[in-house]
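The entries below are in the order in which I looked things up.

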Amino acid sequence: MDVMPWTSLLFQSIPEEIILVTLGLALVGKYPRMRGIVTTGIIVAVFSFFFRRLPLGFGIHTLSGIAVMALTMHLVLRLDLWRGLMAAFLSLVALGLVESITIPAMIFLTGIPFERAVSDPWRRILFPLPEEIILALAAYILRRRRISLLPKDEPRLGLTGRKYKEGNK
């Protein structure tokens, strides 16, 4: 159980979730307005803030975070659930990859053990800054250049395998 202070929610978790939502959406080829992305990031961060306080088993917080992010993208951004799940999962993978490099580097450079860094509210905000900068740059580049891992939206196909005509749903 991780008890996150309010300062970490405001200055670390909310910005990180906004970055992850932006990155995940870009990776699946969706580029909605920033207002919706910010709203989604705030909702996911607040949910995570309260959900981390629950005494759940290993991995449950992560799985619930993916589900909440996908559902929030669906409700706020009108993204289909499948792309939302893909966006949430891909952003989590990107976060894990970047964290696996930056956290050991920060421990090495500062000499501060990870447990001590997360126990202090202000260090908890400053320690992940390099990872957030890397993820934000990646999200910005992907969004700016319209680079994605998934193909652009393909037309919906009916039961016969033919494209829907205009006006059919």
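The entries run from the overall fold to single residues.

**Entry 1. Basis.** I note that this is a predicted model, in which local features need pLDDT of at least 70, side-chain atom pairs count only at pLDDT 80 or more, and totals for chains, interfaces and linings use all residues. Residues are numbered from 1 along each chain as its sequence is written, and side-chain values use heavy atoms, with hydrogens and water left out.

**Entry 2. Overall fold.** I looked up the secondary structure and found seven helices and zero strands. Helices (H or I, at least four residues) and strands (E, at least two) are DSSP runs, numbered from the N terminus. Along the sequence the pattern reads α-α-α-α-α-α-α. The protein has 169 residues, of which 38% count as buried; buried means under 20% relative accessible area, exposed over 50%, and partly exposed in between, with a 1.4 Å probe and protein chains only. I then looked up contacts (heavy atoms within 4.5 Å). Among those between residues at least 6 apart in sequence, 70% join residues at least 24 apart. The accessible surface comes to about 10700 Å², and 68% of it belongs to carbon and sulfur atoms. Accessible areas come from the Shrake-Rupley method with a 1.4 Å probe, and for residues only the protein chains shown count as cover.

**Entry 3. Nonpolar cores.** I searched for nonpolar cores, that is, sets of buried Ala, Val, Leu, Ile, Met, Phe, Trp, Tyr and Cys residues joined through side-chain atoms within 4.5 Å. The largest nonpolar core has 32 residues, and Leu 9, Val 21, Leu 23, Leu 25, Met 69, Met 73 and Leu 135 touch the most other members. H1, H2, H3, H4 and H7 each supply at least two residues of this core. Its largest share, ten residues, comes from H1. Another core lies apart from it and has five residues, among them Ile 103, Met 106, Ala 117 and Phe 127.

**Entry 4. Helix H1.** Leu 25 is found in helix H1 and is buried, with a relative accessible area of 1%. Not counting residues up to four places away in sequence, Leu 25 touches Lys 30, Pro 32, Ile 37, Met 73, Leu 77, Leu 79 and Ala 87. The C-alpha atoms of Leu 25 and Gly 84 are separated by 7.8 Å, although these residues are 59 residues apart along the chain. Ser 13 is also in helix H1. I count Ser 13 as buried because its relative accessibility is 3%. With neighbours within four places in sequence left aside, Ser 13 is in contact with Met 4, Ser 8 and Ala 45.

**Entry 5. Helix H3.** I checked the length of helix H3 (residues 60-77): at 1.5 Å a residue its 18 residues should span 26 Å, and the end C-alpha atoms are 25 Å apart, which agrees. The expected span is 1.5 Å times one less than the number of residues. Which residues of H3 are buried? I list Ser 64, Ile 66, Val 68, Met 69, Ala 70, Thr 72, Met 73 and Leu 77. They pack against helix H1 (6-27), helix H2 (34-51) and helix H4 (81-110). For Met 69, I found that it touches Glu 17, Leu 20, Val 21, Val 44, Ala 88 and Ser 91, residues up to four places away in sequence not being counted.

**Entry 6. Positive phi.** Arg 78 lies in the loop between H3 and H4. Its phi is near 60 degrees, a positive value in a residue other than glycine. Arg 78 counts as exposed because its relative accessibility is 68%. I found Arg 146 in the segment after H7; Arg 146 has a positive phi of about 55 degrees although it is not a glycine. At 46% relative accessibility, Arg 146 counts as partly exposed.

Entry 7. I looked for patches, which are made of residues with over 30% relative accessible area and no salt bridge; like charges are joined within 9 Å and nonpolar side chains (Val, Leu, Ile, Met, Phe, Trp, Tyr) within 5 Å. A salt bridge is a side-chain nitrogen of Lys or Arg within 4 Å of a carboxyl oxygen of Asp or Glu. Leu 126, Leu 129, Ile 133, Leu 137, Tyr 140, Ile 141 and Ile 147 form a nonpolar patch on the surface, with about 670 Å² of accessible area together. Helix H7 (residues 129-145) gives the most to this patch, with five residues. Tyr 140 has its place in helix H7 and counts as exposed at 52% relative accessibility. Ala 136 is found in helix H7 and, at 30% relative accessibility, counts as partly exposed. I noted that Ala 136 and Ile 19 are 117 residues apart in sequence and 5.6 Å apart in space, C-alpha to C-alpha.
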